[in-house]
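Please read them with the sequence and the structure open beside you.

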Amino acid sequence: MESIFHEKVISNALKVWGLELILFNSPEYQRLRIDPINERSFICNYKEHWFTVRKLGKQWFNLNSLLTGPELISDTYLALFLAQLQQEGYSIFVVKGDLPDCEADQLLQMIRVQQMQRPKLIGEELAQLKEQRVQKTDLERVLEANDGSATLDEDEEDLQRALALSRQEIDMEDEEADLRRAIQLSMQGSSRSISQDTAHTSDTHLTSEELRKRREAYFEKQQQQQQQQGPPGQLSQPCERPTTSSGAPGSDPGDAMSEEDMLQAAVTMSLETVRNNFKTEGKK
(Lines give C-alpha, C1' and ligand atoms only; values in the text may rest on other atoms or scores of the structure.)
Protein backbone atom coordinates (compact mmCIF):
# COMPACT_ATOMS: atom_id res chain seq x y z
CA MET A 1 0.00 0.00 0.00
CA GLU A 2 2.90 2.36 0.84
CA SER A 3 4.60 1.52 -2.47
CA ILE A 4 1.43 2.41 -4.37
CA PHE A 5 1.19 5.65 -2.41
CA HIS A 6 4.75 6.62 -3.29
CA GLU A 7 4.23 5.63 -6.88
CA LYS A 8 1.19 7.88 -7.12
CA VAL A 9 3.03 10.75 -5.47
CA ILE A 10 5.93 10.49 -7.91
CA SER A 11 3.57 10.04 -10.86
CA ASN A 12 1.63 13.17 -9.94
CA ALA A 13 4.87 15.10 -9.48
CA LEU A 14 6.11 14.10 -12.92
CA LYS A 15 2.83 15.12 -14.59
CA VAL A 16 3.73 18.71 -13.73
CA TRP A 17 6.59 18.36 -16.27
CA GLY A 18 4.40 16.48 -18.78
CA LEU A 19 5.96 13.12 -17.91
CA GLU A 20 4.24 9.77 -17.41
CA LEU A 21 5.26 6.57 -15.53
CA ILE A 22 4.68 3.15 -17.14
CA LEU A 23 5.54 -0.12 -15.40
CA PHE A 24 8.44 -1.69 -17.30
CA ASN A 25 7.23 -5.31 -17.00
CA SER A 26 3.54 -4.54 -17.62
CA PRO A 27 1.88 -6.42 -20.52
CA GLU A 28 0.98 -3.16 -22.24
CA TYR A 29 4.63 -2.02 -22.37
CA GLN A 30 6.00 -5.46 -23.25
CA ARG A 31 3.70 -5.63 -26.23
CA LEU A 32 5.35 -2.49 -27.57
CA ARG A 33 8.73 -4.36 -27.72
CA ILE A 34 10.70 -1.19 -27.26
CA ASP A 35 14.47 -1.57 -26.90
CA PRO A 36 15.54 -0.05 -23.52
CA ILE A 37 18.36 1.95 -25.16
CA ASN A 38 15.73 3.94 -27.08
CA GLU A 39 14.16 5.25 -23.86
CA ARG A 40 15.36 8.30 -21.89
CA SER A 41 14.95 7.35 -18.24
CA PHE A 42 13.96 4.60 -15.78
CA ILE A 43 12.93 4.95 -12.14
CA CYS A 44 13.67 1.95 -9.89
CA ASN A 45 12.19 1.20 -6.47
CA TYR A 46 12.95 -1.44 -3.85
CA LYS A 47 11.69 -1.21 -0.26
CA GLU A 48 11.13 2.55 -0.37
CA HIS A 49 14.52 3.18 -1.97
CA TRP A 50 14.22 5.04 -5.25
CA PHE A 51 16.90 5.82 -7.82
CA THR A 52 17.12 6.74 -11.49
CA VAL A 53 18.86 5.18 -14.49
CA ARG A 54 19.07 8.03 -17.04
CA LYS A 55 20.53 8.71 -20.41
CA LEU A 56 22.73 11.82 -20.43
CA GLY A 57 24.03 12.79 -23.79
CA LYS A 58 24.55 9.48 -25.59
CA GLN A 59 25.45 7.33 -22.55
CA TRP A 60 23.53 5.68 -19.75
CA PHE A 61 24.30 6.26 -16.07
CA ASN A 62 23.17 4.59 -12.85
CA LEU A 63 22.38 7.51 -10.50
CA ASN A 64 21.91 5.39 -7.36
CA SER A 65 22.53 7.52 -4.26
CA LEU A 66 24.01 4.48 -2.48
CA LEU A 67 27.03 4.61 -4.82
CA THR A 68 30.01 6.87 -4.33
CA GLY A 69 29.34 8.38 -7.81
CA PRO A 70 27.49 7.89 -11.10
CA GLU A 71 28.07 4.47 -12.70
CA LEU A 72 28.51 4.32 -16.47
CA ILE A 73 26.36 1.63 -18.16
CA SER A 74 27.05 0.59 -21.72
CA ASP A 75 24.22 0.15 -24.26
CA THR A 76 24.87 -3.60 -24.44
CA TYR A 77 24.77 -3.95 -20.67
CA LEU A 78 21.62 -1.84 -20.05
CA ALA A 79 19.06 -4.60 -20.75
CA LEU A 80 21.00 -7.08 -18.62
CA PHE A 81 21.26 -4.53 -15.82
CA LEU A 82 17.49 -3.93 -15.76
CA ALA A 83 16.80 -7.67 -15.81
CA GLN A 84 19.16 -8.12 -12.84
CA LEU A 85 17.31 -5.41 -10.89
CA GLN A 86 14.00 -7.18 -11.57
CA GLN A 87 15.44 -10.45 -10.23
CA GLU A 88 16.55 -8.65 -7.09
CA GLY A 89 12.92 -7.49 -6.50
CA TYR A 90 13.07 -3.97 -7.88
CA SER A 91 10.02 -2.34 -9.49
CA ILE A 92 11.07 -0.54 -12.69
CA PHE A 93 9.11 2.30 -14.31
CA VAL A 94 9.69 3.86 -17.70
CA VAL A 95 9.55 7.69 -17.81
CA LYS A 96 7.77 8.72 -21.01
CA GLY A 97 7.86 12.25 -22.37
CA ASP A 98 10.39 14.97 -23.06
CA LEU A 99 12.72 15.44 -20.11
CA PRO A 100 13.65 18.99 -19.21
CA ASP A 101 17.08 20.17 -20.33
CA CYS A 102 20.00 19.94 -17.87
CA GLU A 103 23.62 21.10 -18.01
CA ALA A 104 25.01 17.53 -17.73
CA ASP A 105 22.95 16.39 -20.70
CA GLN A 106 24.16 19.28 -22.83
CA LEU A 107 27.81 18.68 -21.91
CA LEU A 108 27.68 14.93 -22.55
CA GLN A 109 26.12 15.55 -25.95
CA MET A 110 29.53 16.89 -27.00
CA ILE A 111 31.90 14.48 -25.23
CA ARG A 112 31.84 10.87 -24.13
CA VAL A 113 32.84 9.63 -20.68
CA GLN A 114 35.37 6.85 -20.02
CA GLN A 115 35.13 5.36 -16.58
CA MET A 116 38.33 3.60 -15.46
CA GLN A 117 37.01 2.36 -12.13
CA ARG A 118 33.50 1.35 -11.16
CA PRO A 119 32.06 3.32 -8.22
CA LYS A 120 31.54 1.35 -5.05
CA LEU A 121 28.70 1.19 -2.61
CA ILE A 122 29.05 3.63 0.24
CA GLY A 123 28.85 0.83 2.78
CA GLU A 124 31.31 -1.24 0.73
CA GLU A 125 33.78 1.63 0.69
CA LEU A 126 33.44 2.12 4.43
CA ALA A 127 33.94 -1.61 4.94
CA GLN A 128 37.05 -1.53 2.75
CA LEU A 129 38.40 1.48 4.62
CA LYS A 130 37.80 -0.32 7.89
CA GLU A 131 39.49 -3.44 6.56
CA GLN A 132 42.45 -1.38 5.37
CA ARG A 133 42.74 0.16 8.83
CA VAL A 134 42.69 -3.31 10.39
CA GLN A 135 45.31 -4.55 7.92
CA LYS A 136 47.44 -1.49 8.60
CA THR A 137 47.16 -2.03 12.33
CA ASP A 138 48.10 -5.69 11.91
CA LEU A 139 51.02 -4.70 9.71
CA GLU A 140 52.22 -2.17 12.28
CA ARG A 141 52.01 -4.84 14.97
CA VAL A 142 54.01 -7.24 12.83
CA LEU A 143 56.61 -4.57 12.14
CA GLU A 144 56.83 -3.70 15.82
CA ALA A 145 57.21 -7.39 16.67
CA ASN A 146 59.91 -7.72 14.03
CA ASP A 147 61.69 -4.66 15.40
CA GLY A 148 61.52 -6.17 18.88
CA SER A 149 62.87 -9.50 17.67
CA ALA A 150 65.60 -7.70 15.72
CA THR A 151 66.57 -5.85 18.91
CA LEU A 152 66.64 -9.14 20.79
CA ASP A 153 68.81 -10.66 18.04
CA GLU A 154 71.23 -7.73 18.27
CA ASP A 155 71.39 -8.06 22.06
CA GLU A 156 72.04 -11.79 21.73
CA GLU A 157 74.80 -11.15 19.18
CA ASP A 158 76.41 -8.60 21.51
CA LEU A 159 76.24 -11.12 24.36
CA GLN A 160 77.81 -13.85 22.22
CA ARG A 161 80.55 -11.44 21.12
CA ALA A 162 81.25 -10.45 24.73
CA LEU A 163 81.43 -14.12 25.79
CA ALA A 164 83.84 -14.90 22.94
CA LEU A 165 86.12 -12.00 23.92
CA SER A 166 86.00 -13.13 27.54
CA ARG A 167 87.01 -16.66 26.54
CA GLN A 168 89.87 -15.28 24.46
CA GLU A 169 91.12 -13.20 27.39
CA ILE A 170 90.95 -16.24 29.67
CA ASP A 171 92.88 -18.32 27.12
CA MET A 172 95.52 -15.59 26.81
CA GLU A 173 95.86 -15.41 30.59
CA ASP A 174 96.23 -19.19 30.76
CA GLU A 175 98.90 -19.12 28.05
CA GLU A 176 100.77 -16.34 29.85
CA ALA A 177 100.60 -18.30 33.09
CA ASP A 178 101.91 -21.43 31.35
CA LEU A 179 104.73 -19.39 29.77
CA ARG A 180 105.71 -17.87 33.11
CA ARG A 181 105.64 -21.32 34.70
CA ALA A 182 107.84 -22.77 31.93
CA ILE A 183 110.35 -19.90 32.26
CA GLN A 184 110.45 -20.37 36.02
CA LEU A 185 111.04 -24.11 35.69
CA SER A 186 113.73 -23.48 33.06
CA MET A 187 115.47 -20.99 35.33
CA GLN A 188 115.29 -23.43 38.24
CA GLY A 189 116.75 -26.21 36.07
CA SER A 190 119.51 -23.92 34.80
CA SER A 191 120.42 -22.80 38.31
CA ARG A 192 120.58 -26.43 39.49
CA SER A 193 122.74 -27.37 36.49
CA ILE A 194 125.04 -24.41 37.05
CA SER A 195 125.36 -25.21 40.73
CA GLN A 196 126.16 -28.86 39.90
CA ASP A 197 128.71 -27.86 37.26
CA THR A 198 130.26 -25.37 39.63
CA ALA A 199 130.55 -28.03 42.31
CA HIS A 200 132.06 -30.43 39.77
CA THR A 201 134.56 -27.90 38.47
CA SER A 202 135.50 -26.86 42.00
CA ASP A 203 136.52 -30.46 42.59
CA THR A 204 138.85 -30.31 39.56
CA HIS A 205 140.73 -27.24 40.90
CA LEU A 206 144.19 -28.30 42.26
CA THR A 207 146.48 -26.46 44.53
CA SER A 208 150.10 -25.68 43.61
CA GLU A 209 151.35 -28.26 46.10
CA GLU A 210 149.24 -31.01 44.58
CA LEU A 211 150.39 -30.09 41.09
CA ARG A 212 154.05 -30.20 42.25
CA LYS A 213 153.58 -33.62 43.83
CA ARG A 214 151.98 -34.98 40.67
CA ARG A 215 154.80 -33.53 38.58
CA GLU A 216 157.41 -35.19 40.80
CA ALA A 217 155.59 -38.49 40.48
CA TYR A 218 155.56 -38.05 36.69
CA PHE A 219 159.36 -37.41 36.62
CA GLU A 220 160.04 -40.42 38.81
CA LYS A 221 157.97 -42.59 36.48
CA GLN A 222 159.89 -41.25 33.46
CA GLN A 223 163.21 -41.94 35.18
CA GLN A 224 162.24 -45.53 35.92
CA GLN A 225 161.23 -46.08 32.30
CA GLN A 226 164.58 -44.69 31.05
CA GLN A 227 166.54 -46.97 33.39
CA GLN A 228 164.62 -49.96 32.13
CA GLN A 229 165.20 -49.03 28.45
CA GLY A 230 169.00 -48.22 28.76
CA PRO A 231 171.63 -50.12 26.56
CA PRO A 232 173.03 -53.38 28.02
CA GLY A 233 176.33 -53.14 29.91
CA GLN A 234 175.83 -49.47 30.58
CA LEU A 235 174.68 -48.32 33.89
CA SER A 236 172.05 -45.72 33.53
CA GLN A 237 172.73 -42.66 35.50
CA PRO A 238 169.95 -41.51 37.70
CA CYS A 239 168.28 -38.42 36.33
CA GLU A 240 168.79 -35.61 38.73
CA ARG A 241 165.82 -33.57 39.60
CA PRO A 242 166.19 -29.95 38.74
CA THR A 243 166.73 -27.71 41.66
CA THR A 244 164.79 -24.64 42.48
CA SER A 245 166.24 -21.24 43.18
CA SER A 246 166.35 -22.10 46.89
CA GLY A 247 168.53 -25.15 46.22
CA ALA A 248 165.71 -27.65 46.82
CA PRO A 249 165.50 -30.29 44.17
CA GLY A 250 162.63 -30.13 41.68
CA SER A 251 161.83 -26.43 42.05
CA ASP A 252 163.66 -24.38 39.39
CA PRO A 253 162.24 -21.27 37.72
CA GLY A 254 161.26 -23.30 34.68
CA ASP A 255 159.29 -25.66 36.93
CA ALA A 256 157.56 -22.71 38.58
CA MET A 257 156.44 -21.39 35.20
CA SER A 258 155.24 -24.84 34.24
CA GLU A 259 153.15 -25.06 37.37
CA GLU A 260 151.56 -21.68 36.60
CA ASP A 261 150.86 -22.82 33.06
CA MET A 262 149.19 -25.99 34.34
CA LEU A 263 147.10 -24.03 36.82
CA GLN A 264 146.00 -21.63 34.07
CA ALA A 265 145.14 -24.58 31.82
CA ALA A 266 143.02 -26.15 34.59
CA VAL A 267 141.11 -22.88 35.10
CA THR A 268 140.56 -22.54 31.33
CA MET A 269 139.20 -26.09 31.18
CA SER A 270 136.82 -25.32 34.04
CA LEU A 271 135.52 -22.23 32.29
CA GLU A 272 135.06 -24.14 29.03
CA THR A 273 133.08 -26.83 30.88
CA VAL A 274 130.75 -24.23 32.42
CA ARG A 275 130.30 -22.51 29.04
CA ASN A 276 129.46 -25.78 27.30
CA ASN A 277 126.86 -26.59 29.98
CA PHE A 278 125.20 -23.20 29.42
CA LYS A 279 125.03 -23.86 25.66
CA THR A 280 123.49 -27.30 26.23
CA GLU A 281 120.81 -25.84 28.51
CA GLY A 282 120.01 -23.15 25.92
CA LYS A 283 119.43 -25.76 23.18
CA LYS A 284 117.02 -27.68 25.43
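**Notes on the predicted model**

1. Glu 48 lies in the loop between S2 and strand S3 (49-56), and in this predicted model it has a positive phi of about 65° although it is not a glycine. Most residues other than glycine have a negative phi. With a relative accessibility of 52%, Glu 48 counts as exposed, because the cut-off for that class is over 50%.

2. Arg 33 sits in the loop that runs between helix H2 (27-32) and strand S2 (41-46), and its relative accessible area of 75% makes it exposed.

3. For the chain as a whole, the secondary structure comes to 7 helices and 6 strands, and from the N terminus on the elements follow the order α-β-α-β-β-β-β-α-β-α-α-α-α.

4. As for burial, 19% of the 284 residues of the protein chain count as buried, while the accessible surface comes to about 21500 Å², with 54% of that area belonging to carbon and sulfur atoms. Among the contacts with a separation of 6 or more, 58% are accounted for by residues 24 or more positions apart.

How values were computed:
Residues numbered from 1 in each chain as written. Predicted model: local features only at pLDDT ≥ 70, side-chain atom pairs only at ≥ 80, totals over all residues. Heavy atoms only, no water. Helix = DSSP H or I, 4+ residues; strand = E, 2+ residues; numbered from the N terminus. Buried < 20%, exposed > 50% of the residue type's maximum accessible area, 1.4 Å probe, protein only. Contact = heavy atoms within 4.5 Å. Areas by Shrake-Rupley, 256 points an atom, 1.4 Å probe, with all protein chains shown as cover.
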